[in-house]
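Have a look at the model first.

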Amino acid sequence: MADNGTVDLRLDQAHSARMYDYYLGGTTNFPADREAAGKALAAFPSILATARINRRFLQRSTRFLAEQGMTQFFDVGTGIPTSPNLHEVAQEVTPSARVIYTDNDPIVLAHARALLHSHAEGRTAYAHADVTDPADLLATAEISETLDFTRPIALSLNALLHFITDDRVDGGAHSIVEHFKAALPSGSTLTITHVTPDFDPEGIARLTGAYRAAGTPGQARQHADIVRLFDGWDLLDPGVVPTHRWRPTPEDQAENVTDAEAACYAGIARKP
């Protein structure tokens, strides 16, 4: 926020959320974002497919969890609203589902109204907070007013942790994930998607370099490192697999995409 209470959108700087919006064909992006996204596309042309595949996983996994009886959803690193959003999918299955979104991009805050059109039986809220300070994030009033931490919560960290590098003084992605895991009650679930170099190391190295040049450091991780983020929880079938291979629908299978195009692993685990 600026000193006068207005939102400083920092439109002269590329932001990963607005670049992702561009990949998905959205309109909430600006020249700096489109320039950086163009360089990312040149470095890794499959990124449009990667974003689309990841988005389909988010919708598919949310529906799966809602059908499994989850009624509380906690989406960290929400990004620009793109319908159908997580709450629309969850509340289609369970109208009384409660959903909280969080992000640290001021433009997501500016567009948060699009995330708040909850089903009348449920609740949808938004908290402007930063995942790199999980204690502060978890202490925000909007979260405690929306979620009941005595009952299972479905936590989503989709396409987020690859923007948190291991050289951080706070211990990086693993430390942050452990903080969230400790705060959630038994029966909760953790959903992660994460960029990997396993299928196209040269392409992902170019992509990471393009993001770094745009001011967004990142770290692609190999399969074992991503599996480690779920330590102590029970992975649901089929485990940690490329995003398009996690319980695909017939429509997903018809797209016939490759692991290199997906470029991400996905997994869901449940707290014992």
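Among contacts in the chain between residues at least 6 apart in sequence, 76% link residues at least 24 apart; a contact here is heavy atoms within 4.5 Å. Keep in mind that this is a predicted model, where local features need pLDDT of at least 70 and side-chain atom pairs count only at pLDDT 80 or more, while totals for chains, interfaces and linings use all residues. Numbering runs from 1 along each chain as its sequence is written, and side-chain values use heavy atoms, with hydrogens and water left out.

The chain has twelve helices and eight strands, taken as DSSP runs numbered from the N terminus (helices: H or I, at least four residues; strands: E, at least two). Its radius of gyration is 17 Å, close to the 19 Å from the globule rule for 272 residues, so the chain is as compact as a globular protein of that length. That radius is over C-alpha atoms, and the rule is 2.2 Å times the number of residues to the power 0.38. Of the 272 residues, 51% are buried, meaning under 20% relative accessible area with a 1.4 Å probe, protein chains only.

Now for the cores, which are sets of buried Ala, Val, Leu, Ile, Met, Phe, Trp, Tyr and Cys residues joined through side-chain atoms within 4.5 Å.

| Nonpolar core | Size | Some members |
|---|---|---|
| Largest | 31 residues | Phe74, Val76, Leu155, Leu157 |
| Another, apart from it | 23 residues | Leu58, Leu65, Met70, Ile268 |

In the largest core, Leu161 is also one of the residues with the most contacts inside it. Leaving aside neighbours within four places in sequence, Leu161 touches Ala173, Val177, Ile192, His194, Arg221 and Leu229.

What about the second largest pocket? About 180 Å³ of space lies in it. A pocket is an open set of points on a 1 Å grid where a 1.4 Å probe fits, with protein on both sides within 12 Å along at least five of seven lines; lining residues have an atom within 4 Å of a point. Helix 3 gives the most to this lining, with four residues. By class, the lining has two nonpolar, two polar and seven charged residues. Arg56, Arg63, Glu88 and Asp252 are among them.

Finally, Thr243 sits in the loop between strand 7 (241–242) and helix 11. Is Thr243 buried or exposed? Thr243 is buried, at a relative accessible area of 0%. Beyond four places in sequence, its contacts include Ile53, Phe57, Arg60, Cys264 and Tyr265.

How values were computed: Grid points are joined across faces, edges and corners, and a volume is the space filled by probe spheres set on the points. Ala, Val, Leu, Ile, Met, Phe, Trp, Tyr, Cys and Pro count as nonpolar, Asp, Glu, Lys and Arg as charged, and the others, Gly among them, as polar. Buried means under 20% relative accessible area, exposed over 50%, partly exposed in between (1.4 Å probe, protein chains only).
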